[in-house]
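Hello,

Here is the structure I promised to pass on. Please open it first, then read my notes below.

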Amino acid sequence: MSTNRQILVDNATLSGVERIIGVSQTKNLNNTDNDILCLEKLITAILFSDKLIGADDYKDGYRSRRLRNFDFVSFKKIDEADYAALTTDAANFAKSMAFSFEGSKPAGDVVSFFEALKIDPQLRWDIWSSSEYLTLSYLVKNPEDARYERSVDSVFRNEDVDRSLVARGIDHAPTVTVANRADITDVKDLVHALSTGNPNYAGFDSRSALQRIIFGYGWAAERSHFYNAVAQQEGADAYLAPLRDAFCESCCRIEYPSQVNALLGTLRSKSQETLASILEPTGRAKFAMRLPFFTAYCISKTDNPKQCIELALAMRNASEFRDCRTILHNLDHLSTADRVQEMNGILKYLEQSCARLMRKYGVSTDSGVQFSLSFGLTGVNVSVSSKLNQLFRSYKNRPVSRIFRNIAQDMVNVERLGGLYDKVCSSIKEHRDATYPKISATPKFMEQKENDRGRPAEI
């Protein structure tokens, strides 16, 4: 039975894929991890859809190349009246998602967003010479290892770039408010309020992390709402770029057409955690398992990320993926209660299977997780018949589980998994001015303290 399962991908995802496959040059080298996640989004969308769609709203100078690079995506033209209504509605939604501060820390709607991103921002006064500059700093446990925060900051930069590439974009940023200050309605008012009583205050430049993060949050809200609305019109699921996906998961005012995305994400996460636990004693997991689940599998079978996409397009026609899409399609049409029950059943069997697999390898016992010394020197030698036949045993006849079982089996058998990360990055073309942009990072213990260079901002 054909289900014609459709998935919509956004332009930010496709931009990340273009960089990782080398079609576009990479200027911000902190983007790499984000672009790998974009590749994972696209591969997953291919495997679990019968048809990919997109919104054809890129500027003319870039549109033809995008259509050519992704000829397997059906880009939908949206007429002017509908587009204007959708973008206006999305802008109003973004305005309703208040970006607030209480003292030096974000408050209100935006808190759950930052929690989903696992970052801890703080407004601080930085003192240089005789002037004070309002900045946004990331609080980190170890300021010498701020790589993740730099990657997230780079994603916020991408949101600004994406806006400039949309043909009919709307320049609405979210309303900025401060607790108990109804007169503060935008960034300028916020800066003015924070600078009151500081005659040496010199302001902040247009490239500051504060401005990036406020705009990025608003544009993520706007684009998330827009793409979900387009997907709903087309009867599709929306697979969005990582920052927007984090917004959708953390800010519950957007109604998803289905909850299948979360199910697939949980299945992959649990499978990947189990594999990482098994491989950890070899010293390779921290390199190999930095890759998302399907990207790791596809790159293990190919030479470069472009071939990963081609492999996914070929795998999509395999019977197990067709059957899997039928199950996912049926899940969409269950009542909420029945859908939750079915998903919980799938996850329960997965938990049991992963636990058995870890015990099989001596990674854990009934007393908890432990590591077997026998793995430390020789690595894992997998026999398909005796080692991994317990994975998903209780659910082995269901296509969803069989897919993950077979892929997990292949991944564990791949030699030198640590080389996969380098292989997936092999096509990146660096811009001649490529750099690793720095950001302000403040040790966590300074959250409530000041030094001769700065202090927390207070209102």
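This is a predicted model: local features need pLDDT of at least 70, side-chain atom pairs count only at pLDDT 80 or more; totals for chains, interfaces and linings use all residues.

**Strands, then helices**

Strand β1 (residues 6–9) runs parallel to strand β3 (residues 51–55), and three bridges join the pair.

Strands in a sheet pair through backbone hydrogen bonds, in either a parallel or an antiparallel way. Here the sheet is open and has four strands. Their order is β4-β3-β1-β10, with parallel pairing. Which strands sit at the edges? They are β4 (73–76) and β10 (237–239), and each of them pairs on one side only. From one strand to the next, the twist averages 35°.

Now the helices. Helix α4 (residues 80–96) packs against helix α8 (residues 209–234). The angle is about 135°, and the axes lie 8 Å apart. Angles over 145° would count as roughly antiparallel, and 65 to 115 as roughly perpendicular, so α4 is oblique to α8. The crossing of the two helices is right-handed.

Which residues meet there? From α4 come Y83, L86, T87, D89, A90, A91, F93 and A94. From α8 come G218, A221, E222, R223, H225, F226, A229, V230 and Q233. By type, the residues of this contact between α4 and α8 split into ten nonpolar, four polar and three charged.

Then go to the crossing of α4 and α8.

Best wishes

How values were computed
Residues are numbered from 1 along each chain as its sequence is written. Side-chain values use heavy atoms; hydrogens and water are left out. Axes are lines fitted to C-alpha atoms, for helices over the stretch in contact, and angles run from 0 to 180 degrees between N-to-C directions. Angles under 35 degrees count as roughly parallel, over 145 as roughly antiparallel, 65 to 115 as roughly perpendicular and the rest as oblique. A crossing is left-handed if the near helix is turned anticlockwise from the far one by less than a right angle, and right-handed if clockwise. Contact means heavy atoms within 4.5 Å. Ala, Val, Leu, Ile, Met, Phe, Trp, Tyr, Cys and Pro count as nonpolar, Asp, Glu, Lys and Arg as charged, and the others, Gly among them, as polar. Two strands pair if DSSP finds at least two bridges between them.
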